[in-house]
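Reader: Could you walk me through a few contacts and charge pairs in this model?

Author: Happy to, let's look at it together.

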Amino acid sequence: MAAGSTIRTYSDGKWQDGDLAVMRAADHAMWLGSSVFDGARFFDGMTPDLDLHCARTNASARALMMTPTLSAEQMAEVVREGLEGFAPGAAVYIRPMYWAADGDETLIAPRADSTRFAVSLEEIPMAPDTATATLTRTRFRRPVLETAVVNAKAGCLYPNNARMLREARSKGFSNALVLDAMGNVAETATTNVFMVRDGEVFTPIPNGTFLAGITRARHISNMRADGIPVQECVLGYQDFEEADEIFLSGNMSKVTPVTAFDNCRYQAGPVAKRVREMYWDWASSQP
C-alpha cells in the first residue's frame, strides 16, 4: 500500500528505490496474517525515538511467535542508511516490518526461524500545525489479550480498526473514540487520546487492550517536566463530553487537536499547542 511519493525499500540486505515486492504468495503471513510492523518518523532532519520504535518491532515479532533477525541497534542503522537517499528536508514515514515465511508442524503457527525482514521508507509530509480531527462513537471495541495479540503492532489487528474508521466516516467524522471490552475508553481507531479538564490532563490507563504508544509516553514525560499534571486513569465517554480540550497522540502527526466528539464542540486548545511545542523542542535537542 503506497501512500507516499518517493519510496525506498530494504530487503535481502540491500536498499533499492521503489515499492518492491518482498512477500511470496505462499508465505505464512500472506494467508495467516503473521506480520508485524512499526512506524517512526524522519522530519526536519530528526528521527525521534527511532531506537524505541525498532525495539518495539522486535517485541511485536516475539509476541507473534517470530524470532527477530536484527537487533534494535542494527535495525536503526539500516534505517539511517536508507534515509540518506532522501533530501535533507524530506518528511519520511519509516516502517520496519517482520513476517513469517513458513508455518511450523501445525501450519497455523509460524515457524519461528522463518522470519523475514524489510523496511519501507515513504516520503509523506507532516500534518500542518493547523490540522484537527473529529470523533464519534463506534460499536466496535478493542479486544483483550485473551482474544487477540494486542501486545503487538500486528497487521492482523487493523481490519478491526478499519471497521471503526469506516463507521466514523460514514457518520461524517474523521475518527472514532473506541471502548475496550469492559466499556472504558481505550484510544481512537488510530491513535492514543488525551483530554483536558480544569487544567489537568487525563488519558486512559494502559490495561492491555491497546498499545500505549511511544509518542504518548514522550508527551506524558514532557508535560510532567513542564509542570502539567497528567493522570492515567479509567475514563468513559462522559468524561470526554465534559472535557475542555481533547487531543490525539500518534506517530504519524504527533499531536492533533480534536474539534468535535459527536455533538460536543471544542477549540484547538492551549494544552495541545504546548504539547506540540514541547515535542518539537525535545526532538530538536536529541543528538
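Here are some questions about one threonine and several salt bridges.

Author: This is a predicted model, where local features need pLDDT of at least 70, side-chain atom pairs count only at pLDDT 80 or more, and totals for chains, interfaces and linings use all residues. Residues are numbered from 1 along each chain as its sequence is written, and side-chain values use heavy atoms, leaving out hydrogens and water.

Reader: Is Thr-209 buried or exposed?

Author: Buried means under 20% relative accessible area, exposed over 50%, and partly exposed in between (1.4 Å probe, protein chains only). Thr-209 has a relative accessible area of 1%, so Thr-209 is buried.

Reader: Which residues does Thr-209 touch, beyond four places away in sequence?

Author: Contact here means heavy atoms within 4.5 Å. Leaving out residues up to four places away in sequence, Thr-209 touches Arg-142, Pro-143, Val-144, Val-150, Asp-180, Met-182 and Ala-186.

Reader: Which residue pairs with Glu-187 in a salt bridge?

Author: A salt bridge is a side-chain nitrogen of Lys or Arg within 4 Å of a carboxyl oxygen of Asp or Glu. At 3.2 Å, N to O, the partner of Glu-187 is Arg-142.

Reader: How many salt bridges does a search of the whole structure find?

Author: One of them joins Asp-27 and Arg-24 at 2.7 Å, N to O. The search of the whole structure gives a total of 17.
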